[in-house]
Amino acid sequence: MNQSLRFVATFWPFKRGTNEANGGPPSGAPDESAASFAALAAALPDPCLVLNRLGIVMVANEPALEIIGSNPLGEHLSAAIRSPAVLEALERSSSSAAPARVDYELRGSTPRLFEAVISPVIDAGRIVATLVLLKDLTREQRIERLRADFVANASHELRTPLASLLGFIETLQGAAKDDAKAREQFLGLMRTQAERMKRLIDDLLSLSRIEMSEHVPPTSSVELSQVARHVADSLTPMARGNGAEIAVNLDSGLKVTGEWDELVQVVQNLVENAIKYASSGKVIEITARRAGSYAELAVVDHGPGIADEHLPRLTERFYRVSVQDSRARGGTGLGLAIVKHILNRHRGRLSVQSRLGLGTTFTIRLPISDINSQD
Ligand code: ADP
């Protein structure tokens, strides 16, 4: 017999035929019901209480004891769950002999939201007990909130360039209708806004594609140094255009299990950030080396650095140290979120070290797949 079963079964104090006035099962109800309720409650993963007809707690399983924090057995439900809404639901369920549902918020250092289902147990046309089942909705509520925030942020990000496009179109149809010089200028600005929307949509699609495949581990073999070299080569023109140089220092023998395109995107996002945010005239270094059973790739810049308080939040979607600065440099606020999700899929990790005025180092770590290769 497990702990909760022993615990709850001992507190059912009724005897056959003597207990009805105390709210216990009516005469003739089998005494085994107490043990059955306790066994049933102990088998449930969610918090569960069983009350007698007077609302006294007769059975509580381990998850229920955990959230109540004290021993509720023999007490009225109102002492265990201090919520007028739950008590009102108990009354409703008793008078209608039907289940009642109500939300119940457990306050404390980390508040939790439950749905309480209060359900009468009916035997021979009479309520013999009441089940109180609690379902923890905290995680669902958090996910729902994140989803709502994400939709609000994405819509806002798209609406801003769209509003400015509409403004230019209006001007071109009205005041600047016959002004060739203004038209030329406005078309250039419109192109910038349309490109911004395109970048945002591309990033949103990348993110959703990666999230969908996040639970499917990659199977191909990729040499991380080749990924780094490929990115360095393709981003050198962009770096030079910003007055920076890319320097590489890459060891070979860094085979990881991964998706080439996704790993290219990780390194590309990090190097593009270094180019965007690090001051011109500086060198961006990409290094790749072996660290035990891991391949470690670092992108080092000597730019302005990032203040400590921002570091834990950089991989949140749409989190930017300065929204204006990011927009001015063509950022969407999704680059590092994409990096994080790709690395999750590859069982890798991202870390960042930064010192204001000195620069930033983003490091990714991936398990080496060919563990015996030493070259
Ligand atoms: P964004 O599209 O805005 O660049 P990211 O998710 O790639 O979005 O990066 C989030 C934020 O982190 C950026 O807006 C910027 O404030 C900061 N950041 C990223 N990389 C660097 C870097 N190398 N140096 C300074 N700040 C950086």
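Two strands pair if DSSP finds at least two bridges between them, and strands are DSSP runs (E, at least two residues), as helices are (H or I, at least four), numbered from the N terminus. The model here is predicted, so local features need pLDDT of at least 70 and side-chain atom pairs count only at pLDDT 80 or more, while totals for chains, interfaces and linings use all residues. Residues are numbered from 1 along each chain as its sequence is written, and side-chain values use heavy atoms, leaving out hydrogens and water.

**Exercise 1. Describe how β11 and β12 are joined.**

Step 1: Find strand β11 at residues 349–355 and strand β12 at residues 359–367. They pair in the antiparallel sense, over seven bridges.

Step 2: Look at one pair of facing residues: Arg355 is opposite Gly359 in β12.

Step 3: Now follow the chain between the strands. β11 and β12 form a hairpin with three residues between them, and in the turn Gly357 has a positive phi of about 85 degrees.

**Exercise 2. Work out the strand order of the open sheet with five strands.**

Step 1: Read across the sheet to get β2-β1-β5-β4-β3, with antiparallel pairing.

Step 2: Pick out the edges. β2 (57–60) and β3 (100–106) are the edge strands, each pairing on one side only.

Step 3: Check the angle. On average, neighbouring strands of this sheet are turned by 25 degrees against each other, direction ignored. (Axes are lines fitted to C-alpha atoms, for helices over the stretch in contact, and angles run from 0 to 180 degrees between N-to-C directions.)

Step 4: Zoom in on β3. Seven bridges join β3 to the antiparallel strand β4 (residues 112–123), and Ala100 stands opposite Ile118 in β4.

Step 5: α5 (residues 84–96) lies across β1 (48–51), β3, β4 and β5 (126–136), running at about 165 degrees to β3.

**Exercise 3. Decide whether Glu296 is buried or exposed, and list what Glu296 touches.**

Step 1: Locate Glu296 in strand β10 (residues 294–301).

Step 2: Apply the cut-offs: buried is under 20% relative accessible area, exposed is over 50%, and partly exposed is in between (1.4 Å probe, protein chains only). Glu296 counts as buried because its relative accessibility is 16%.

Step 3: List the contacts (heavy atoms within 4.5 Å). Leaving aside residues up to four places away in sequence, Glu296 touches Thr287, Ala288, Arg289, Ala291, Thr363, Ile364 and Arg365.
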